[in-house]
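Here is a short walk through one protein model. Keep the sequence and the 3D view open as you read.

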Amino acid sequence: MKKLISIMLVAIVLVIGITLAFQYIILHGEFKKWSHATMDEDYFKGKTMYLGYDFTWKGIGSPMIEKVEFIKKDGTILAKDEDGFRNHPYFMKSNSIGILDEESVLKDGLMEELFEIKGQKVDKDFRLVLAVEYNRTNH
(Lines give C-alpha, C1' and ligand atoms only; values in the text may rest on other atoms or scores of the structure.)
Protein backbone atom coordinates (compact mmCIF):
# COMPACT_ATOMS: atom_id res chain seq x y z
CA MET A 1 0.00 0.00 0.00
CA LYS A 2 2.85 2.39 0.86
CA LYS A 3 4.48 1.60 -2.47
CA LEU A 4 1.27 2.49 -4.37
CA ILE A 5 0.90 5.77 -2.48
CA SER A 6 4.56 6.62 -3.16
CA ILE A 7 4.18 5.90 -6.87
CA MET A 8 1.00 8.00 -7.07
CA LEU A 9 2.64 10.88 -5.18
CA VAL A 10 5.66 10.84 -7.51
CA ALA A 11 3.34 10.71 -10.56
CA ILE A 12 1.29 13.66 -9.29
CA VAL A 13 4.43 15.71 -8.57
CA LEU A 14 5.77 14.90 -12.05
CA VAL A 15 2.51 15.86 -13.76
CA ILE A 16 2.31 19.15 -11.85
CA GLY A 17 5.99 19.88 -12.54
CA ILE A 18 5.70 19.16 -16.25
CA THR A 19 2.51 21.24 -16.50
CA LEU A 20 4.12 24.24 -14.77
CA ALA A 21 7.26 23.97 -16.91
CA PHE A 22 5.16 23.75 -20.09
CA GLN A 23 3.12 26.82 -19.08
CA TYR A 24 6.29 28.76 -18.30
CA ILE A 25 7.82 27.93 -21.67
CA ILE A 26 4.63 28.72 -23.61
CA LEU A 27 3.58 31.86 -21.73
CA HIS A 28 6.95 33.41 -20.93
CA GLY A 29 8.11 35.96 -23.46
CA GLU A 30 7.20 39.28 -24.99
CA PHE A 31 7.49 41.35 -28.11
CA LYS A 32 9.56 44.54 -27.87
CA LYS A 33 9.00 47.34 -30.38
CA TRP A 34 12.25 49.20 -30.93
CA SER A 35 11.45 51.53 -33.81
CA HIS A 36 8.67 53.98 -34.37
CA ALA A 37 7.18 55.58 -37.48
CA THR A 38 4.64 58.37 -37.34
CA MET A 39 3.06 60.68 -39.87
CA ASP A 40 0.93 63.76 -39.66
CA GLU A 41 -2.54 63.19 -41.10
CA ASP A 42 -1.91 65.84 -43.77
CA TYR A 43 0.56 63.52 -45.54
CA PHE A 44 -2.07 60.90 -46.24
CA LYS A 45 -4.35 62.97 -48.51
CA GLY A 46 -6.48 59.91 -49.30
CA LYS A 47 -3.56 57.70 -50.33
CA THR A 48 -2.20 54.58 -48.67
CA MET A 49 1.03 54.93 -46.71
CA TYR A 50 3.23 52.07 -45.52
CA LEU A 51 4.79 52.41 -42.06
CA GLY A 52 7.42 49.94 -40.82
CA TYR A 53 8.03 48.96 -37.19
CA ASP A 54 10.87 46.76 -35.93
CA PHE A 55 10.12 44.14 -33.27
CA THR A 56 12.13 41.60 -31.33
CA TRP A 57 10.78 38.45 -29.73
CA LYS A 58 12.32 37.92 -26.30
CA GLY A 59 11.34 34.53 -25.03
CA ILE A 60 11.63 30.81 -25.32
CA GLY A 61 10.50 29.18 -28.55
CA SER A 62 9.29 30.67 -31.81
CA PRO A 63 5.73 31.96 -31.60
CA MET A 64 3.41 32.00 -34.58
CA ILE A 65 1.55 35.26 -35.15
CA GLU A 66 -2.15 34.76 -35.75
CA LYS A 67 -3.38 38.37 -35.71
CA VAL A 68 -2.45 41.92 -34.79
CA GLU A 69 -4.86 44.14 -32.89
CA PHE A 70 -4.58 47.85 -32.28
CA ILE A 71 -5.79 49.21 -28.96
CA LYS A 72 -7.10 52.77 -28.76
CA LYS A 73 -6.46 55.03 -25.77
CA ASP A 74 -9.88 54.16 -24.32
CA GLY A 75 -8.94 50.46 -24.30
CA THR A 76 -11.19 49.36 -27.17
CA ILE A 77 -9.89 47.53 -30.22
CA LEU A 78 -9.54 49.56 -33.42
CA ALA A 79 -11.40 47.86 -36.26
CA LYS A 80 -9.71 47.51 -39.65
CA ASP A 81 -11.90 50.30 -41.01
CA GLU A 82 -12.86 52.70 -38.25
CA ASP A 83 -12.63 56.41 -37.45
CA GLY A 84 -11.52 57.17 -41.01
CA PHE A 85 -8.59 54.75 -40.75
CA ARG A 86 -8.21 51.65 -42.85
CA ASN A 87 -5.20 49.57 -41.88
CA HIS A 88 -3.74 46.25 -42.91
CA PRO A 89 -0.70 44.71 -41.17
CA TYR A 90 1.98 42.80 -43.07
CA PHE A 91 5.01 40.80 -42.02
CA MET A 92 8.33 41.74 -43.67
CA LYS A 93 11.68 39.99 -43.33
CA SER A 94 13.83 42.87 -44.58
CA ASN A 95 13.76 46.46 -43.38
CA SER A 96 13.15 48.06 -46.79
CA ILE A 97 10.12 50.05 -45.66
CA GLY A 98 10.33 52.81 -43.08
CA ILE A 99 7.70 55.23 -44.36
CA LEU A 100 6.70 55.00 -48.02
CA ASP A 101 3.66 55.80 -50.08
CA GLU A 102 1.90 53.06 -52.03
CA GLU A 103 3.22 54.32 -55.36
CA SER A 104 6.84 53.91 -54.18
CA VAL A 105 6.15 50.48 -52.68
CA LEU A 106 4.67 49.27 -55.98
CA LYS A 107 7.35 50.95 -58.14
CA ASP A 108 10.20 49.45 -56.09
CA GLY A 109 8.62 45.96 -56.11
CA LEU A 110 8.36 45.87 -52.31
CA MET A 111 4.88 44.30 -52.28
CA GLU A 112 6.61 41.00 -53.03
CA GLU A 113 8.43 41.26 -49.67
CA LEU A 114 5.19 41.73 -47.70
CA PHE A 115 3.44 38.66 -46.29
CA GLU A 116 0.13 38.19 -44.52
CA ILE A 117 0.52 38.18 -40.73
CA LYS A 118 -1.48 35.02 -40.00
CA GLY A 119 0.74 31.99 -39.64
CA GLN A 120 4.09 33.81 -39.66
CA LYS A 121 6.62 32.21 -37.32
CA VAL A 122 8.91 34.59 -35.44
CA ASP A 123 12.45 33.60 -34.53
CA LYS A 124 13.83 36.84 -33.11
CA ASP A 125 13.74 40.08 -35.12
CA PHE A 126 11.01 40.96 -37.59
CA ARG A 127 9.34 43.97 -39.15
CA LEU A 128 5.65 44.76 -39.03
CA VAL A 129 4.48 47.00 -41.87
CA LEU A 130 1.14 48.76 -41.71
CA ALA A 131 -0.64 49.80 -44.88
CA VAL A 132 -2.69 52.75 -43.59
CA GLU A 133 -5.25 54.82 -45.42
CA TYR A 134 -6.77 57.81 -43.64
CA ASN A 135 -9.75 59.69 -44.97
CA ARG A 136 -10.93 62.72 -43.04
CA THR A 137 -14.42 62.62 -44.52
CA ASN A 138 -15.87 61.68 -41.12
CA HIS A 139 -13.97 64.40 -39.23
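Glu 30 is partly exposed, with 40% relative accessibility. That term covers the range between buried (under 20% relative accessible area) and exposed (over 50%), computed with a 1.4 Å probe on protein chains only. Lys 32 is partly exposed too, at 37%. Glu 30 and Lys 32 form a salt bridge, their closest N and O atoms being 3.3 Å apart. A salt bridge here is a side-chain nitrogen of Lys or Arg within 4 Å of a carboxyl oxygen of Asp or Glu.

This is a predicted model: local features need pLDDT of at least 70, side-chain atom pairs count only at pLDDT 80 or more, and totals for chains, interfaces and linings use all residues. Residues are numbered from 1 along each chain as its sequence is written, and side-chain values use heavy atoms, with hydrogens and water left out.

The structure holds five salt bridges. One of them joins Lys 118 and Glu 66, at 3.5 Å from N to O. Lys 118 sits in the loop between β9 (114-116) and β10 (120-121), and Glu 66 in the loop between β3 (64-65) and β4 (70-71), so the pair ties together parts 52 residues apart in sequence. Strands (E, at least two residues) and helices (H or I, at least four) are DSSP runs, numbered from the N terminus. Lys 118 is exposed at 61%, while Glu 66 is partly exposed at 41%. Another bridge links Glu 69 with Lys 67, the closest N and O atoms lying 3.2 Å apart. Here Lys 67 is exposed at 60%, and Glu 69 is partly exposed at 41%.

Now turn to the strands. β7 (residues 85-92) pairs with β11 (residues 125-134) in the antiparallel sense, over eight bridges. Two strands pair if DSSP finds at least two bridges between them. Phe 85 has Tyr 134 of β11 as its bridge partner. β7 also runs antiparallel to β9, joined by three bridges. There, Tyr 90 is partnered with Glu 116 of β9.

What lines the largest pocket? The lining has 25 residues, and His 36, Ala 37, Tyr 53, Phe 70 and Leu 130 lie nearest the centre. A pocket is an open set of points on a 1 Å grid over the protein atoms alone, where a 1.4 Å probe fits, with protein on both sides within 12 Å along at least five of seven lines; lining residues have an atom within 4 Å of a point. β11 supplies the largest share of this lining, five residues.
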